[in-house]
Amino acid sequence: MMFFRTAGVHARTRSQRSEERTAVGARAPRRAWTRAVRNVARTLALAAVAAAGTLLALDRIFPPDLSRYEARSVEVLDADSRLLRAFTAPDSRWRLKATPADVDPLYLSLLKAYEDQRFDSHLGVDPLAAARAAFQYATRGRIVSGASTLSMQAARLLQPHQRRTFTGKLLQSARALQLEWRYSKDEILSIYLTLAPFGGNIEGVRAAALAYFGKEPRRLTPAEAALLVALPQSPERRRPDRFPDRAHAARDMVLQRVHERGAIDDQTLREAMAQPSPDQRLALPRIAPHVSQMLAARPPADGIIRTTIRRELQATAARLAAEERSRDASKGDIAVVIVDNRKGAIVAWHGGDLTGRQGYVDLVRAKRSPGSTLKPFIYGIAFDDGVAHPETFVDDAPIRFGDWMPRNFDGEHQGTLTIRRALQQSLNVPAVAALERIGAARFLALLRQSGVAPALPRGPGEPASLALALGGVGLSPLDLATLYAGLARDGTVRPLRLRAEDPVADGFRLMGPGAAWHVRDILANGPLPDGWTAPTRPLDGRRGGDRVIAFKTGTSYGFRDAWAAGVSGAYTIVVWTGRADGAPLPGRYGRDTALPILLKLFEQMPGEAAPHAAPPPDALIVARNSDLPPAMRVLIPQAARLQAATATLAPAPASSGMRAAAITPPKPPRILYPVANSTLEVTSDAVPLKAEGGSGALRWLVDGKPVPDDRFRAFPLWHPGGAGRTRLTVIDASGRSATIEVQIRMAGR
């Protein structure tokens with residue numbers, strides 16, 4: 001029994017083993033298949049990784065060449081980002097940057113409906129379009145419809161000289177995939193919108209819209225949008241300026257196709273096909289040509305120059321200058337600068353007429369004699385120094401400064417009058433006297449510190465320096481605009497902004513607010529030109545009008561330059577008239593030629609609520625000359641003092657029997673300002689220290705401490721540190737001194 005049991009066990013074991021071997025044999029093919037599938041998958045994965053690596057390497061080795069896209073036209077834009085002027089690209093083509101945001105959505109809709117309906121969803125190549133094109137070619141033996149996507153066209157436009165072969169199409173497709181990999185849909189569209197050809201040297205939809213419609217493509221009619229879709233298909237054969245019938249037919253074909261595809265309705269189709277097509281090419285905008293040319297010489301990396309120019313004001317200045325020039329028999333030139341005082345920005349820059357021989361001379365930057373237009377600043381600095389006041393008396397009489405005797409323009413003299421009247425009548429002798437008191441060298445240094453660049457005539461010397469008061473220096477309209485805009489900003493001069501990104505620069509205090517207010521107050525009541533019997537509405541600011549204008553005119557020696565400069569609360573305008581070649585125009589005065597243009601320009605400026613400003617705290621307001629401190633009642637030139645002293649010391653004639661006058665020693669120094677035992681209400685500005693008499697240089701002490709000397713100022717300036725009783729002392733070279741005490745009160749405390 002045991003034997004049989006054992007044998008049975010062994011028998012079952014062999015049977016089971018046989019079954020197992022059968023099962024294993026059955027599973028072997030499946031395992032082999034699984035291993036094969038795994039091997040294939042592994043191989044495919046490795047191949048995919050290798051292909052991806054290869055494509056990545058090829059993408060890095062052969063990146064898209066965007067050089068044509070980046071070599072665009074330089075654009076000069078106004079303050080609202082509108083095109084003032086563009087310049088052709090290095091290859092002499094009009095190629096303006098365009099993005100989807102720059103064009104009408106209707107145009108983009110028609111472009112996609114006609115060229116690439118699945119642009120927003122495919123990866124650069126449209127498989128359905130490619131299959132359809134292949135089937136049509138196989139069944140009909142010719143190309144019925146293409147399969148190029150907008151991505152493929154963008155790739156072709158980046159390399160326009162690539163041959164249109166099968167190999168070229170494959171490479172174009174690969175480039176399209178590469179563009180899709182690297183860039184967004186909008187970026188790819190930007191390439192197409194910038195580089196698409198539209199006939200001649202016009203590339204890009206913006207240049208085309210400006211050339212054929214005279215406007216940017218932000219607002220297009222369906223007919224205009226369809227024409228812009230049609231032209232790149234065959235730009236030379238469909239050029240509207242050469243083949244208007246072909247262009248019109250191509251436009252209608254696009255309209256019908258996009259209608260069939262549901263992009264436009266029946267009524268839109270009928271109305272669009274009834275519209276005429278353009279048959280000529282327009283010039284691109286050329287606004288502010290002189291300043292655009294200057295800025296384009298140094299464009300930023302993206303080629304887009306954003307300025308502070310306001311297109312409407314620029315057009316106003318150019319139009320008015322052209323009208324005035326057309327009425328001028330001498331055909332003189334006109335330059336205009338307009339400044340926004342609040343922003344310190346140039347909003348109009350008219351450099352002259354472009355049609356003449358001198359058309360490309362930018363007269364806004366040309367150095368010319370400013371005539372009498374610097375006199376307000378001479379007086380303003382004198383007011384700031386405490387040397388003079390608008391009610392100070394000054395003699396307008398013949399006087400010799402060294403070897404030079406200045407005369408008024410009409411050769412007449414007015415005698416004794418106030419500085420207010422002297423400035424309003426633009427008298428020469430008083431202005432030279434004021435310049436002598438503040439110092440010609442110092443005045444020139446202050447102009448340079450203000451940011452302007454005076455051009456000095458040849459031949460140094462004090463007489464030539466004093467001639468600064470009468471225009472004996474070269475300044476440009478831009479320089480004068482800088483100075484007068486500072487006058488509008490209470491005497492603080494800042495460099496004017498022209499590029500939108502330029503920051504507001506730190507200012508230079510040419511004079512204090514009180515002095516600037518006095519100057520503006522004087523100029524606001526100056527004489528009007530002949531024929532202007534009453535102020536225009538903008539000039540009638542004190543009686544409820546729009547604005548108050550403080551203006552000054554100037555005429556250079558020989559009638560070569562006629563000027564007018566004016567400031568209101570919001571704007572500064574400078575007008576120059578003359579000839580670009582410097583030839584004289586006899587009989588043309590700034591008051592009669594430039595000032596009427598300036599007043600007309602102010603009438604065209606936007607309204608402003610700027611009544612005559614109240615005087616600032618540091619402005620000395622008096623009713624009459626006798627109310628002034630004694631030292632400020634009369635302005636006597638040093639030349640007059642010397643002449644009087646010379647006459648006193650001159651030997652008497654022999655027949656008189658009189659002996660020569662004895663030379664008396666100079667009087668001890670005497671403090672003129674501040675007045676002894678007075679109370680000074682001081683703001684943040686400095687207090688001028690004035691004295692007379694003494695010998696040699698005078699030194700000042702405040703409570704025993706020396707006051708720093710400024711060699712560019714006629715009188716030192718003292719900055720009080722706080723309120724209280726203060727002792728002031730002046731000492732001359734001989735050690736003689738004078739001392740006073742004053743009470744300081746800080747304003748607002």
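Predicted model: local features only at pLDDT ≥ 70, side-chain atom pairs only at ≥ 80, totals over all residues.
**Entry 1: the second largest pocket**

I began with the lining of the second largest pocket, whose residues divide into 14 nonpolar, 18 polar and ten charged.

Residues are numbered from 1 along each chain as its sequence is written, and side-chain values use heavy atoms, with hydrogens and water left out.

I looked up the volume of this second largest pocket and found about 960 Å³. Of its 42 lining residues, the closest to the centre are Ser-372, Phe-409, Ser-426, Asn-428 and Thr-555. Helix H15 (419-424), E12 and helix H21 (590-604) are the elements that give two or more residues to the lining. E12 provides the largest share, five residues.

My pocket terms: on a 1 Å grid over the protein atoms alone, a pocket is an open set of points where a 1.4 Å probe fits, with protein on both sides within 12 Å along at least five of seven lines, and lining residues have an atom within 4 Å of a point. Grid points are joined across faces, edges and corners, and the volume is the space filled by probe spheres set on the points. Helices (H or I, at least four residues) and strands (E, at least two) are DSSP runs, numbered from the N terminus.

**Entry 2**

I followed E12 (residues 550-555) to its partner E13, which it meets in the antiparallel sense over six bridges; two strands pair if DSSP finds at least two bridges between them. Phe-551 stands opposite Gly-566 in E13. The two strands form a hairpin with five residues between them, and Gly-558 in the turn has a positive phi of about 80°.

On to E14 (residues 571-578): seven bridges join this strand to E13, again antiparallel. Here Ala-564 stands opposite Val-575, and the hairpin runs through three residues.

Why is E13 (residues 561-567) largely enclosed by the rest of the structure? Seven of its seven residues are buried, that is, under 20% relative accessible area with a 1.4 Å probe, protein chains only (exposed is over 50%, partly exposed in between). I checked both faces: Asp-561, Trp-563, Ala-565 and Val-567 are buried on one side, Ala-562, Ala-564 and Gly-566 on the other.

**Entry 3: H16 and the cores**

Back to Asn-428, which is one of the buried residues of H16. This helix (residues 428-438) is mostly covered, with nine of its eleven residues buried. Just after H16, I noted Gly-439 with a positive phi of about 100°.

Leu-435, also buried in H16, turned up again in the largest nonpolar core: of its 80 residues, Leu-374, Phe-377, Leu-435 and Phe-443 touch the most other members. Such a core is a set of buried Ala, Val, Leu, Ile, Met, Phe, Trp, Tyr and Cys residues joined through side-chain atoms within 4.5 Å. A second, separate core has 58 residues, including Ile-191 and Leu-227.

**Entry 4: the whole chain**

Finally, I took the totals: the protein chain has 22 helices and 24 strands, and 48% of its 749 residues count as buried.

Notes
Nonpolar A, V, L, I, M, F, W, Y, C, P; charged D, E, K, R; others polar.
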